[in-house]
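Visitor: Hi! Could you walk me through this protein model?

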Amino acid sequence: MTRQRGLSVRLKLALSYAAFLMIAGALLLAVVYAFLLRYVPAEAMASEWTFFPGRTDLVRAFVPAAAWALLLLLVFALVGGWFLAGRMLAPLTRITSATRAAAAGSLSHRIRLDGKSDEFTELADSFDAMLAQLEAHVAQQQRFAANASHELRTPLAISQTLLDVARKDPDHDHDAVLGRLHSVNARAIELTEALLVLSRTEHGTFATEHVDLSLVAEEAAETLLPLAEKRGVAIETAGEAATTIGSPALISLLTTNLLHNAIVHNLPQGGSVTLTTSSATDAVVARNTAAAAAAAATLVVENTGSPIGDDLLATLTEPFQRGEQRARSDHAGVGLGLAIVKSVVKAHGGSMQLAARDGGGLRVTVRLPLAVDVRSTDGT
């Protein structure tokens, strides 16, 4: 936006200081005249031994001195106001420089304004926090774009290689090539659909209705039962009805992804997965108060498996991160399962907590807002 050049804030403040001091000085002189000089007789009085100047004599002597005093006061006010305004606006200059640096793409720059808490330090701290969040968000987006490009490039490169082999070798088994191409294409479609789901949840473009987590958990267990039997993993569902408000498709996808992740990253044989649902009142931290009571519909997915270190646990919800150091196997997925779960939970105003189980495996706790019509036990 193009603006017409105006007076600087520093000059405006200096002129304001000067005007205030001049007005205060003029009022002081007016008070002197009004409450002192008016009681002096207008004419001078003289006697043999004394002389009393009159009001006219005093005004004649007082006005030039007062004018010089006001002039000196004006100069002092302009110089002092300019200096004080510069001192006061120095933090704003640093904030402006940081803003311009951020606009130029330097998100790593920080103001780090020293001093006690005031309006400027609060503004600087808020700006630093905003820059930190923007920097983290941009870095996450860059990593996501790089990983997505790599993951999408892999099936395309494999397809290109298979097509080149089939074209150069007429005697090659074309049925095998077609089967492999079908598998690679299915993986690319799965990845693309996962990316679309992430985009849709981040923008919150979905319709909502009442969803019972216990029913969703049972449906997910029934859907993935063949995969669990193939891998020798037992699935158990337990708990009570827990109704939330959200997208049935997205919450079903959330539950299916958690269960699929628990089955795939489990013990080779004799593993187990437990899905538990409940409705409870938890203490959650509110924005402007110490704590507030909020009811939550809770889904807990717990599975056996290999021990999980803290470093790996902290990265499991990042896009394209797979357990066991991104090991690939059948049904390994595209590395977006827990990332999608995190995005769906966030879009529904819930929370998700990951914890390593004693002895190996993972426990994922998802809390979603409880439906309004089931928060009261007396039906009101």
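Guide: Arg357 and Glu302 form a salt bridge, with the closest N and O atoms 2.7 Å apart. A salt bridge here is a side-chain nitrogen of Lys or Arg within 4 Å of a carboxyl oxygen of Asp or Glu. Arg357 lies in the loop between strand 8 (351-356) and strand 9 (362-369) and Glu302 in strand 7 (residues 292-303), so the pair ties together parts that are 55 residues apart in sequence. Helices (H or I, at least four residues) and strands (E, at least two) are DSSP runs, numbered from the N terminus.

Visitor: Before we go on, where do these values come from?
Guide: This is a predicted model: local features need pLDDT of at least 70, side-chain atom pairs count only at pLDDT 80 or more, and totals for chains, interfaces and linings use all residues. Residues are numbered from 1 along each chain as its sequence is written, and side-chain values use heavy atoms, with hydrogens and water left out.

Visitor: Okay. Which other residue forms a salt bridge with Glu302?
Guide: That is Arg363, and here the closest N and O atoms are 3.1 Å apart. Glu302 lies in strand 7 and Arg363 in strand 9, so this pair ties together parts that are 61 residues apart in sequence.

Visitor: Is Arg363 buried, partly exposed or exposed?
Guide: Arg363 is partly exposed, with a relative accessible area of 30%. Buried means under 20% relative accessible area, exposed over 50%, and partly exposed in between (1.4 Å probe, protein chains only). Glu302 counts as partly exposed at 23%.

Visitor: How many salt bridges does the count come to?
Guide: Three, by this rule. One of them is between Arg110 and Glu135, with the closest N and O atoms 2.7 Å apart. Arg110 lies in the loop between helix 2 and helix 3 and Glu135 in helix 3, so the pair ties together parts that are 25 residues apart in sequence. Arg110 counts as buried, at 15% relative accessibility, while Glu135 is partly exposed at 32%.

Visitor: New topic: which residues form a nonpolar patch on the surface?
Guide: Tyr17, Phe83, Leu84 and Met88 do, with about 400 Å² of accessible area together. Accessible areas come from the Shrake-Rupley method with a 1.4 Å probe, and for residues only the protein chains shown count as cover. Patches are made of residues with over 30% relative accessible area and no salt bridge: like charges are joined within 9 Å, nonpolar side chains (Val, Leu, Ile, Met, Phe, Trp, Tyr) within 5 Å.

Visitor: And which helix gives the most to the nonpolar patch?
Guide: Helix 2, with three residues. Leu84 is found in helix 2, and at 47% relative accessibility Leu84 counts as partly exposed.

Visitor: What about helix 5, which residues are buried there?
Guide: In helix 5 (residues 213-223), the buried ones are Leu213, Ser214, Val216, Ala217, Ala220 and Ala221. Seen down the axis of helix 5, its buried residues fall within an arc of 160°, so they line one face of the helix. The arc is that of the directions from the helix axis to the C-beta atoms. On the other side of helix 5, Glu222 and Thr223 are exposed.

Visitor: Last one: how far apart are Arg231 and Leu267?
Guide: They are 36 residues apart in sequence and 8.6 Å apart in space, C-alpha to C-alpha. Arg231 sits in the loop between helix 6 (225-230) and strand 4 (233-239).
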